[in-house]
Amino acid sequence: MKALAYEKAHSLDAFAIELVDAAEPRLRDTDLLVGIRAVGINPGEALIRQLRSAEPGGRIILGWEFAGVVEAVGPEATGFAVGDRVMGTGDMTRDGAWAERLAVDHRVVARIPDQLSFSDAASLPIGGLTAWEALFRDHDSLAVGIDRVLIVGGAGGVGTLATQLLKSRTSALVASTASRPESREWCTRMGADVVVDHTGNVPGQLRDAGVGRVDLVLSTSGTIGNVGWLAEILRPFGHLAVVDLNGPLDLGPLVGKSVSLHTETVFSKIMAGGDVASQGRILAELAADVVAGRLRPLATTVLDGLSVDTMRAAHELAESRRTIGKTVINI
C-alpha cells in the first residue's frame, strides 16, 4: 500500500516525508482494518516529526486521527462489520493513518453517522477526546464547584471543541483566549462568553469583563511561559488542565493556591492501561452531538490527496500556530 513516511527527525525547511510503498498492516485479534478516507492533522504530529527518528533501517508513519471504512474485522473486535464508516484515533506505538489502510483497536473507534462526511468526521477524534478528558477527566461532567472555565487557545481544535462541550453539557461560564480578530470572532461563534487576548494582561482583561478568578483553566498552548498569570487567575484549590507539556514546568506559582494539576494525552488509556472502550463511547457521543446540532465539526481547511505536497502544506499550517479549527486531508 502507499503511505507517507520518513526516517529521520527533521525541520519543516528540510521536509523529508515521502510517499512510499509500505507493508500491509498486520491485524491483532481486537483490531479493525480500516481503509482511510480522510485524516486530521495536529500540531503534535508536526512536533513528533521534528523530534522522533526511526530505528536504523526503519521508517515512521504518523497520523492518529482518521475517518474511513472497515475492510476487515479481527476475531475479538465486536460491534463492527465490513463496510462500516468509522472514525477514531489509534496507538502511538504503532503505524499511524497517513496511509491507505490502518490496523486499529476497535475500542478507540466509533461509527460515523450517515449525516457526517469523512472530512468532518476526521476533524473530531483528537480534539474531542482531548477536550473531554481534560475537562471531565474519567467522568461525563465537570467536577463539583467548577463554574468558571478559561480556555487558553480557544480557536484551535481542542479549544474549539472544549468550548462547545462546556456550552452544550454544562452551565459553566466559558472564557477563551485569542489574539487575532478572526480567532476572537471564531471563539465567540463557538459559544465563549468572554474572549481575552493572551498577548496582553489576561488577569486585567478578565477583571474588566467581570470574571475575576476562575475555577479551571484548560491550557492548550504556551503553558510553560504562562504559569505566572495562570496561577494569578486561578482560585485557591482550582484546577489547571494541560495538554501541551513538552518541557519542565515550574509549579512554584501554583503551590500557594493548592492548585490541582491535570495532564492529558489522548493515548494514555490505550498505551498505559485504562478503560480503553470509553474512548469509543465518547467518540460516539460526539458524533451524535454533531448530528443533533449541539456540536459543529472543525474541518476549516480541507486538502485533497495523500501526497507530499498536501502533507507539507498541512504541516506549514500546523506549525504556524495561527490556524482556526482543523486541517483535514481527504485521501
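1. Let's start with Trp-132: this residue is buried, with a relative accessible area of 0%. Buried here means under 20% relative accessible area, exposed means over 50%, and partly exposed is in between (1.4 Å probe, protein chains only). Before going on, a word on the source: this is a predicted model, where local features need pLDDT of at least 70 and side-chain atom pairs count only at pLDDT 80 or more, while totals for chains, interfaces and linings use all residues. Residues are numbered from 1 along each chain as its sequence is written, and side-chain values use heavy atoms, with hydrogens and water left out.

2. Now the aromatic pairs. A search of the whole structure turns up two of them. Rings of Phe, Tyr and Trp (its six-membered ring) pair if their centres lie within 6.5 Å; planes under 30 degrees apart count as stacked, over 60 as edge-to-face and the rest as tilted. Trp-64 and Phe-267 make an edge-to-face pair, with 6.1 Å centre to centre and 75 degrees between the planes. Trp-64 sits in the loop between helix H1 (43–51) and S4, and Phe-267 in the loop between strand S13 (260–263) and helix H9 (268–272), so the pair ties together parts that are 203 residues apart in sequence. Both Trp-64 and Phe-267 are buried. Helices (H or I, at least four residues) and strands (E, at least two) are DSSP runs, numbered from the N terminus.

3. Back to Trp-132, whose partner is Phe-136: the pair is edge-to-face, at 5.3 Å centre to centre and 85 degrees between the planes. Trp-132 and Phe-136 are four residues apart in helix H3, so about one helical turn separates them. Phe-136 is buried too, at 1% relative accessible area.

4. Which residues touch the most other members of the largest nonpolar core? They are Phe-66, Trp-98 and Leu-135, out of 78 residues. Such a core is a set of buried Ala, Val, Leu, Ile, Met, Phe, Trp, Tyr and Cys residues joined through side-chain atoms within 4.5 Å. Helix H3 (residues 125–136) gives this core its largest share, seven residues. A second, separate core has 21 residues, including Val-152 and Trp-229.

5. Helix H4 (residues 157–169) is worth a look. Its 13 residues reach 18 Å from first C-alpha to last, close to the 18 Å expected at 1.5 Å a residue; the expected span is 1.5 Å times one less than the number of residues. Ten of the 13 residues of H4 are buried, so the helix is largely enclosed by the rest of the structure. The cover over those buried residues includes H3, strand S8 (148–152), helix H5 (181–190) and S11.

6. S11 (residues 214–219) is also where you'll find Ser-219, which counts as buried because its relative accessibility is 0%. Leaving out residues up to four places away in sequence, Ser-219 touches residues including Val-152, Leu-230 and Asp-244; contact means heavy atoms within 4.5 Å.

7. On to the strands, which pair if DSSP finds at least two bridges between them. Strand S4 (residues 66–73) runs antiparallel to strand S5 (residues 85–88) over four bridges, with Val-86 in S5 as the bridge partner of Gly-68. S5 also pairs in the antiparallel sense with strand S7 (residues 109–111), over three bridges, and Met-87 stands opposite Ala-110 in S7.

8. Last, charges over rings. Arg-85 lies over the face of Phe-118, 4.6 Å from the ring centre, and Arg-111 over the face of Phe-80, at 5.3 Å. The test is that NZ of Lys or CZ of Arg is within 6 Å of the ring centre and within 35 degrees of the ring normal.
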